[in-house]
Amino acid sequence: MSTAVPIVLAGARGHGRWHLDNIRRLQDKGIVRLAGICELTPLSEGELPEGLVLPSGAPEQSADFGALLDSTGARIAVICTPIPTHTDLALTAARRGVHLLLEKPPAPSYAEFRRMADGVAEAGVACQIGFQSLGSHAVPAIRTLMAEGAIGEIAGIGGAGAWARAEAYYGRAPWAGKRRLNGVDVIDGVLTNPLAHAVATALALGGTTRAEDVTDIQTELYRANAIESDDTSCVRVTTHGPQVVVGATLCAEDPDEPYVVVHGDRGRITFWYKQDRVLLQRANHGPEEYEYGRTDLLENLVEHLADGTGLLAPPEATGAFMKVVEAIRLAPDPAPLPDEAWQLLPDEQRRVVPGIDGLVAAAADTLALYSELGAPWALPARTKEVST
């Protein structure tokens, strides 16, 4: 595009800092221009990444999102605010004809997701959901390998995320680690927020990204931390395609790169989605490793507006993921792990569940839930029939 697209960023602290850096990168390429920042407390000069402020002046700042969109003439809004605010802010932008990059998870409930997606569609604006892994060139490459029968008949897709978060992580914001806040759904759990990409990426590889692709969901939700939400969980998603099982924790002993693994009857494909790295293992072949590039979702959105390039993560492509969020929302509150099942690492002030790293990997490897793997603290899964 000949002129840089004006952008407003809502939520510039926390994960929003990543968006600030990315906008600066695209601004340097002449693709976008940061016109405004919506924060309850304005950012100080020191909080703006070096090189972000143009000679024409600093971006306008306001706590009033709608007024800021009006005054800046923004064409795109990037929304990186607390989960319960996503739908209302998205609709505020859509009503003004402003296109959207909406951070994941797009909403805390399926009803709120539908209200957002339907409102955006009605307004005729483009919307991209911030699942960055769906911009990886590995995703279509793996789907091609699957379609060509490289690993035989597909038996299912596993996902594993063994991460670590200190207790302070849950104090970073009033909504952190909450299922509800002031009577409003938040659903800030390990599968719905920090390791949401594992779920969304597994569903994408299976070609089962739409809400109607999901027939049944089983959840096992636990917490080692003193929070409302889950920090150690697994889910099985039964679909019209391959079944998906994801194990995840924020209480890993040795945190590692999350991955998804496609199981075939003649091999497997492992995808470390944060690194765009793929390992193909199949019968009668040596292991093959590949590294892929990725398309930035904001850049993809700008290209979509310029020449109709297809969006990589439109709302419809996150419907199945939102069915998982809904099953987790409707499940009983996560069960606290017994005291003997976790320990505090005093140096790091974080809680660890001994043996969880192996359990998470086993869930992805065998497509089994924690209770089926014999975890002593795991109760049988709760099944949520999904109406379509």
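Residues are numbered from 1 along each chain as its sequence is written, and side-chain values use heavy atoms, with hydrogens and water left out. Because the model is predicted, local features need pLDDT of at least 70 and side-chain atom pairs count only at pLDDT 80 or more, whereas totals for chains, interfaces and linings use all residues.

Helices (H or I, at least four residues) and strands (E, at least two) are DSSP runs numbered from the N terminus. An open sheet is formed by 6 strands in the order E3-E2-E1-E4-E5-E6, with parallel pairing; two strands pair if DSSP finds at least two bridges between them. The edges are held by strand E3 (60–62) and strand E6 (127–129), each with a single partner strand, so one side of each has no neighbour in the sheet. On average, neighbouring strands of this sheet are turned by 20° against each other, direction ignored; axes are lines fitted to C-alpha atoms, for helices over the stretch in contact, and angles run from 0 to 180 degrees between N-to-C directions.

Strand E1 (residues 5–10) and strand E4 (residues 76–79) run parallel and are joined by 4 bridges, with Ile-79 in E4 as the bridge partner of Ala-10. The parallel pairing of E1 with E2 extends over 6 bridges, and Gly-36 in E2 is the bridge partner of Val-8. Of the 7 residues of E2, 6 are buried, so E2 is largely enclosed by the rest of the structure. Buried means under 20% relative accessible area, exposed over 50%, and partly exposed in between (1.4 Å probe, protein chains only). Helix H2 (residues 65–72) lies across E1, strand E2 (32–38), E3 and E4, and runs at about 150° to E2.

A nonpolar core is a set of buried Ala, Val, Leu, Ile, Met, Phe, Trp, Tyr and Cys residues joined through side-chain atoms within 4.5 Å. The largest core has 77 residues, of which Phe-65, Met-116, Ile-142, Ile-269, Phe-271 and Phe-321 touch the most other members. Helix H6 (residues 196–205) supplies the largest share of this core, 8 residues. Not counting residues up to four places away in sequence, Ile-142 touches Leu-205, Val-262, Ile-269, Phe-271 and Val-278; contact means heavy atoms within 4.5 Å. A second, separate core of 23 residues includes Val-5, Ala-12, Leu-34 and Leu-301.

Thr-192 is located in the loop between strand E9 (184–185) and H6 and is buried, with a relative accessible area of 1%. Polar atoms of the Thr-192 side chain lie 2.7 Å from the backbone oxygen of Ile-187 and 2.9 Å from the backbone nitrogen of Gly-189. Beyond its neighbours within four places in sequence, Thr-192 is in contact with Pro-105, Ile-187, Phe-321, Val-325 and Ile-328.

In helix H9 (residues 356–366), the buried residues include Ile-356, Leu-359 and Ala-363. The buried residues of H9 pack against strand E7 (154–162), strand E11 (232–239), strand E12 (244–249) and strand E13 (259–264).

With a disulfide defined as a pair of cysteine sulfur atoms within 2.5 Å, the count is 0 disulfides. Cys-127 is in no disulfide, the nearest cysteine sulfur being that of Cys-80, 14 Å away; Cys-127 is buried, with a relative accessible area of 3%. Cys-251 is likewise in no disulfide, and the nearest cysteine sulfur, that of Cys-234, is 14 Å away. Cys-251 counts as buried at 0% relative accessibility.

Definitions and conventions
A polar contact is a pair of N or O atoms within 3.5 Å; within protein, one must be able to donate a hydrogen and the other to accept it, and residues adjacent in sequence count only if both atoms are side-chain atoms.
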